[in-house]
Amino acid sequence: MTRAGDDAPIHGRADAGEAISREAISRDTVARAADALDALRAKRPRVHCITNTVAQTYTANLLLAAGAVPSMTIAPDEIAAFVAGADALVVNIGTLDEPRRTAIGIAIDAATEAGIPWVLDPVFVDRSPGRATFGKALLAMRPTVLRLNPAEFAVLSGLPAEADHLPGFARENQAVVALTGETDLVADAARRAALANGHRWMARITAMGCAGAALVAAFAAVDEDPWHATIAALVALGVAAERAAVVSSGPGTLAVRLLDTLFDLDRKDLLEQAKVS
Amino acid sequence: MTRAGDDAPIHGRADAGEAISREAISRDTVARAADALDALRAKRPRVHCITNTVAQTYTANLLLAAGAVPSMTIAPDEIAAFVAGADALVVNIGTLDEPRRTAIGIAIDAATEAGIPWVLDPVFVDRSPGRATFGKALLAMRPTVLRLNPAEFAVLSGLPAEADHLPGFARENQAVVALTGETDLVADAARRAALANGHRWMARITAMGCAGAALVAAFAAVDEDPWHATIAALVALGVAAERAAVVSSGPGTLAVRLLDTLFDLDRKDLLEQAKVS
Amino acid sequence: MTRAGDDAPIHGRADAGEAISREAISRDTVARAADALDALRAKRPRVHCITNTVAQTYTANLLLAAGAVPSMTIAPDEIAAFVAGADALVVNIGTLDEPRRTAIGIAIDAATEAGIPWVLDPVFVDRSPGRATFGKALLAMRPTVLRLNPAEFAVLSGLPAEADHLPGFARENQAVVALTGETDLVADAARRAALANGHRWMARITAMGCAGAALVAAFAAVDEDPWHATIAALVALGVAAERAAVVSSGPGTLAVRLLDTLFDLDRKDLLEQAKVS
């Protein structure tokens, strides 16, 4: 996410031919995101969320507003049944305690067995050695999508959080990597995109990143190409935030209004407002 | 809860005499709901809530807005003291983990001993076999009121979620049964009512049902007839939602504004806007 | 916190000279609070919060709106690392369970070792004997600031919650004591102040007190005199609430708008609106 109106491309210089080709790719990508939004509303996928207690309520409300159906249990004797009945899983390691660790292992096994996509959000792996170790172990379990911020990227990859390091890291982990910040970068082994929607107040709302990761999971349930699904989710969130900011007076109202604008968002909004390059 | 303005009676054909009698019953029921609202504001009952972590904050805010005083601990060594000092208990089995299971047993024993009403909200019993078993065990402990949705009703009763099956199920369990959906149905062994207030955005707000169950507990603390108390709570919530929807632009603002309108709600609002049949 | 516009001094009669001197002290105190607000925005202190699950989300959003950076884990193997990397700690004993008890002990030790301030919020010590015992044990571990309401003060001090009993209790515990209510009283062994900002709807918003205690911790990270830091935090919260109330229609919107007004608050707002005596 970036400041609204702050369009910061990550690519270097490009000649005119390349620019035109990129514009066409961008148009196709946004059209596909619009299709995914329609599919999300039609299919109403179930998303099981293992997320920190701080983020649970907003994550559930964001998923409901988008059209998905959240569940959140971490009880060891029932989480496998919940995941098996879901269309996608998100694993966020915030407020990580022993029951959550156990639940995460069971849930990832169940997701892998069911063949559903799962998204890893390695919150605060830069803050404690134990969490870094756990984050790396989860990465080795092959998440479909990895969403993280620059400090978390640096810890997990051992590399500076620069655009050029993303595709290699994505290839190595066979995952889509979404590096969120002022501009969101989304890469797999072969493709990359920069997303410039969003609003600076989003950084002042707790759980916005966690809820965004859950939205990625919801879109991954309806678009089988996780690179496209990730772009669709982050663009939808960013455009909804920009539309909400127009009627907000700070981060408090933005968080609330964003649920309204996401609920109302349609393909036309995405086609007109998406900033993908 | 139902769509605003969408008045869907559950009863079959009725002749004119029956219709008049029903209208009188409905008027009396709404007047009693208005009395209960006044009593709630005067008495400010304490409601102990064992509820899932996703629903805790909104449940607490809804109770506070209505005039009740929430508490939420699940620690085994102190929950009995909290329940003994409360005027009602609500047991919601969402995000069910081991500490919650233990807490629920202690809390129900304490409520039974203290003679205070308790409400059971068997969230997601349709999603895992273990939860269904636990839900049935709790039902056998004789909740004063059982609030559930059609999928949960089907699992606990073994019957389709139809209005005609409610009184028998209520009789068998010696409980008031509140089946919430587009129209809320409230039945005990001898009486039933259909409540048509509410707004369709409520289904897109997490914890709305859980918070509603807590509100039922709050009203059960001030009206000793749990059938009337349940109706009063659901009508108050539905009318507050309709009033909030007028100044809302989606589910995000509705959740917030509903706290304001519930806080401001008075008996006149209920008498004018309640749709009870 | 008190009703907006309801300026209730706690001191008794005073002659004119005393009144003038007090006014000067009050002016200096408010100017220092304004400096602390600027420092908070510049330094963006990290505040580790052990708080109840009901309060986590609002506490995080309040800290973010003010300019601080919250973290909330209670996992025993990583909480020491989080606290060591933080600038202040808040310990709230709501929804107290075994993992929280363990986490609290580790966190206080880590804070003491790191020499960072910590704030104790002994929620509901008046509701269960076990919690009262635990609250007293924590008080013996020398919190920098103790924030509590009159019922909690009575249990911990064995004295009625009157202004005259605060300095002695503060001296005995070598802590700043903030007794919150219609008027907030802030005392250490030698000084005391009464704060009359705020709005009556704040009492109808869950976690407002808990979030306020976290804000005290944030200010204690940027003003080394905890008496001044506590005043600064409570005045900032109270003024933000008054500004929010102007554009709110009840407790639901107040909670949201307060995040906006706190985010926007500047020193001029404090200098003009603070009611400190």
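Below is a working chat about a predicted model and how its chains pack.

Colleague: Before we dig in, what are the ground rules for this one?
Modeller: It's a predicted model, so local features need pLDDT of at least 70 and side-chain atom pairs count only at pLDDT 80 or more, while totals for chains, interfaces and linings use all residues. Residues are numbered from 1 along each chain as its sequence is written, chains are lettered from A and ligands numbered from 1 in the order in which they are written, and side-chain values use heavy atoms, with hydrogens and water left out.

Colleague: OK, symmetry. What rotation puts chain C on chain B?
Modeller: 120 degrees, with 0.0 Å of shift along the axis and an RMSD of 0.0 Å. The two copies are thus related as by a three-fold rotation axis.

Colleague: How many residues are in contact between A and C?
Modeller: 23 residues of chain A touch 27 residues of chain C, where contact means heavy atoms within 4.5 Å.

Colleague: What about the area buried there?
Modeller: About 2100 Å², with carbon and sulfur atoms giving 55%. That's the accessible area (1.4 Å probe) that two parts lose on being put together, summed over both. On the chain A side, A:Val54, A:Arg127 and A:Arg204 supply 33% of what chain A buries against chain C, more than any other three residues.

Colleague: How many salt bridges does the rule find across A and C?
Modeller: Two. The rule wants a side-chain nitrogen of Lys or Arg within 4 Å of a carboxyl oxygen of Asp or Glu. C:Glu78 pairs with A:Arg131 in a salt bridge, with the closest N and O atoms 2.7 Å apart.

Colleague: Which elements of chain A give two or more residues to the side touching C?
Modeller: α5 (129–139) and α10 (251–264). The largest share, four residues, comes from α10(A). Helices (H or I, at least four residues) and strands (E, at least two) are DSSP runs, numbered from the N terminus.

Colleague: While we're on α10, is A:Thr261 buried or exposed?
Modeller: A:Thr261, which sits in helix α10 of chain A, is buried, at 14% relative accessible area. The cut-offs are under 20% for buried, over 50% for exposed and partly exposed in between (1.4 Å probe, protein chains only). The side chain of A:Thr261 reaches the backbone oxygen of A:Ala240 at 2.8 Å.

Colleague: Back to salt bridges. How many over all chains?
Modeller: 36 in the whole structure. One of them is B:Arg131 with A:Glu78, at 2.6 Å from N to O. B:Arg131 is in helix α5 of chain B and A:Glu78 in the loop between β2 (69–71) and α3 (79–84) of chain A, so the pair joins two chains. Both residues, B:Arg131 and A:Glu78, are buried.

Colleague: And within a chain, what does B:Asp38 pair with?
Modeller: B:Arg267, with the closest N and O atoms 2.7 Å apart. B:Asp38 is in helix α1 (residues 16–43) and B:Arg267 in helix α11 (residues 267–273), 229 residues apart. B:Asp38 is partly exposed at 36%, and B:Arg267 is partly exposed at 29%.

Colleague: Last one: where is C:Pro117?
Modeller: C:Pro117 is in the loop between α4 (98–114) and β4 (118–121) of chain C, and C:Pro117 is buried at 17%. The C-alpha atoms of C:Pro117 and C:Pro226 are 8.3 Å apart, though 109 residues separate them along the chain.

Methods
Least-squares fit on C-alpha atoms with pLDDT ≥ 70 in both. Polar contact = N/O pair within 3.5 Å; in protein donor to acceptor, adjacent residues only side chain to side chain.
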